[in-house]
Amino acid sequence: MKKSKSLLLMIALVLVIGTVLAGCGGNNNANKGNDAAATNAGNASTNTGNASGDEKLAADQTLKVNLSAEPPTFDPAQAQDNQAHTVLQTMYEGLTRVNAETGQAEPGIAEKWDISADGLVYTFHLRDAQWSNGDPVEAADFVRAWKRVLDPATTPAPPYAYQLYYLKNGEEFNTKKVTDFSQVGVKAVDAKTVEVTLKSPTPYFLGLLSFYTYYPVHKSIEGNDKWATSKDTMITDGPYTLTEWTTGQAIQVTKNDKYWDAASIKLSKIDFTLVNSGATELLSYKNGELDRAGNPNGEIPSEQLPIVKKDFPNEFVSKGIASTYYYEFNTTEKPFSNVKIRKALAMSINRQALIDNVTLGGQLPAFGYVPPGIAGADGEYRSAVKDSYFTEDVEQAKTLLKEGLQEEGLTALPPVELTYNTSENHKKIALAIADMWKNNLGITVNTVNQEWAVFIENRQHQNFQVARAGWVADYNDPMTFLDMWVTGGGNNDAGYANPEYDKLIADAKASSDLAKRQEDFAAAEKMLVQDDMVIMPIYYYTNNSLTKEYLKGVTLDFSGAVDYTRAYLLEH
């Protein structure tokens with residue numbers, strides 16, 4: 001791979017990894033959250049190691065894990081949550097994938113690439129990979145997929161379309177300023193060569209290519225809008241294929257013998273149960289019915305964490321991850337369109353008390369949005385840019401609430417509807433915060449539980465007042481947290497619109513000056529969290545999970561995303 005020295009320096013300073021969350025699933029968020037929080041995050045952690053010496057592979061290589069919610073879709077263009085991400089990662093592979101040891105991008109379907117001296121043109125050379133039906137994976141499959149994401153006619157509108165705005169004329173095509181897709185910076189030079197032209201140098205672009213929005217799709221999807229709803233019409237290029245899908249009960253993926261690196265895949269199957277109960281998941285783990293439990297796709301009930309740590313010292317892991325748990329306000333609806341009311345709610349809760357008494361997972365109180373572990377201009381962003389955007393101050397909150405109500409012509413705040421997706425831990429947090437708001441501000445709060453797909457749909461259409469949310473890094477740069485809040489952004493569920501904010505993000509995207517980018521990020525984050533208080537940060541996640549000692553090869557990256565593709569089971 002040829003790279004200019006200047007680009008190498010930028011890539012070294014801004015390490016890149018794709019994945020999520022997603023978003024978001026079940027007790028997660030699309031990155032839309034998880035259920036425990038983050039302290040700090042490093043490179044991918046793993047319990048890898050090849051079976052050697054006295055270790056022998058189990059005869060039955062069927063991995064059993066749980067998803068606490070059913071993925072709303074398996075269409076890479078429409079996915080936006082951690083549950084979908086975990087399964088899609090088993091079924092698809094992009095031009096790059098994430099190296100479990102280094103956390104950096106490595107060759108996937110592209111076996112090598114060249115980068116122009118100015119960092120704008122990437123030429124990817126595809127390996128001889130096949131789709132699960134035996135068709136060759138070709139450059140046109142990537143062009144087809146990326147066009148679907150950016151095409152303004154795609155319904156529903158892909159929430160991650162903005163992730164492809166790095167392409168030359170990507171945004172312009174998506175917003176109908178350019179109507180000819182041939183003007184967009186991606187083309188198939190020949191069957192095995194993809195040429196990508198960027199709008200501006202993007203040091204984390206290689207990592208983005210491992211994210212599911214950039215996955216290729218098979219030509220068979222054309223003319224079939226329902227292709228991603230059935231195992232019989234899903235042709236995939238990754239390590240596994242979808243072989244069973246019983247709605248609301250179970251999902252199964254089976255080893256894809258056509259996968260180019262099938263020799264590295266040891267599992268024969270992965271069985272995902274769909275149980276939205278942390279207590280049931282934990283019991284199933286204890287009974288040997290699951291090989292892994294907990295984040296990011298399930299949950300361990302918070303009150304059980306102290307017991308689990310004691311009873312399973314060799315199986316329990318708590319790891320800081322680059323993810324943030326927060327509540328978001330519907331800024332398009334009164335009275336939450338009033339920033340003083342939003343600030344009052346954010347300032348009137350006690351985050352440490354919530355962590356000490358409710359979540360019990362060693363999370364860090366959050367007073368910013370970008371979590372620890374995300375790279376900055378020189379080291380970690382959060383170390384350079386302190387998250388002291390606001391303080392907890394009940395008396396000041398009362399004053400702000402009174403002023404905000406006067407501005408809205410109200411004498412009291414009507415009952416607040418606080419929405420969260422089905423999860424025991426989310427419910428506990430919501431009830432605790434509702435109690436704090438009642439005791440500190442005299443506010444009546446109605447908590448509303450919604451099933452995951454309904455919850456996501458309502459948030460996307462601003463059909464809420466205050467809603468639980470979380471964000472998992474898609475790649476290791478502050479941009480993955482901050483560009484989602486631009487006006488009209490596909491994941492901007494709060495309906496936030498601020499031209500000054502948009503400009504800061506646009507400037508950061510266009511700049512190759514790392515110090516200047518960090519200044520723009522800091523100013524944007526201040527605007528988001530302090531000046532406009534669009535969101536109410538609560539805590540930075542930790543990932544709390546249980547893994548059987550005979551399960552090896554599971555990796556967890558800096559963002560908390562889990563990868564089962566290279567896992568294997570030992571005799572036990």
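**View 1. An open sheet of 4 strands in the order E5-E6-E8-E7, with antiparallel pairing.** In this predicted model, local features need pLDDT of at least 70, side-chain atom pairs count only at pLDDT 80 or more, and totals for chains, interfaces and linings use all residues. Residues are numbered from 1 along each chain as its sequence is written, and side-chain values use heavy atoms, leaving out hydrogens and water. Strands (E, at least two residues) and helices (H or I, at least four) are DSSP runs numbered from the N terminus, and two strands pair if DSSP finds at least two bridges between them. Strands E5 (110-115) and E7 (186-190) each have a single partner strand, so one side of each has no neighbour in the sheet. From one strand to the next, the twist averages 25 degrees.

**View 2. The antiparallel pair E5 and E6 (residues 121-126), joined by 5 bridges.** Look here for lysine 112, which stands opposite histidine 125 in E6.

**View 3. Helix H3 (residues 139-150) lying across E6, E7 and strand E8 (193-197).** H3 runs at about 165 degrees to E7; angles run from 0 to 180 degrees between N-to-C directions, and axes are lines fitted to C-alpha atoms, for helices over the stretch in contact.

**View 4. Helices H15 (residues 499-510) and H16 (residues 514-531), packed at about 155 degrees with axes 9 Å apart.** That angle makes H15 roughly antiparallel to H16 (over 145 degrees). Contact (heavy atoms within 4.5 Å) involves residues including Tyr501 and Leu504 of H15 and Phe521 and Met527 of H16.

Methods:
Angles under 35 degrees count as roughly parallel, over 145 as roughly antiparallel, 65 to 115 as roughly perpendicular and the rest as oblique.
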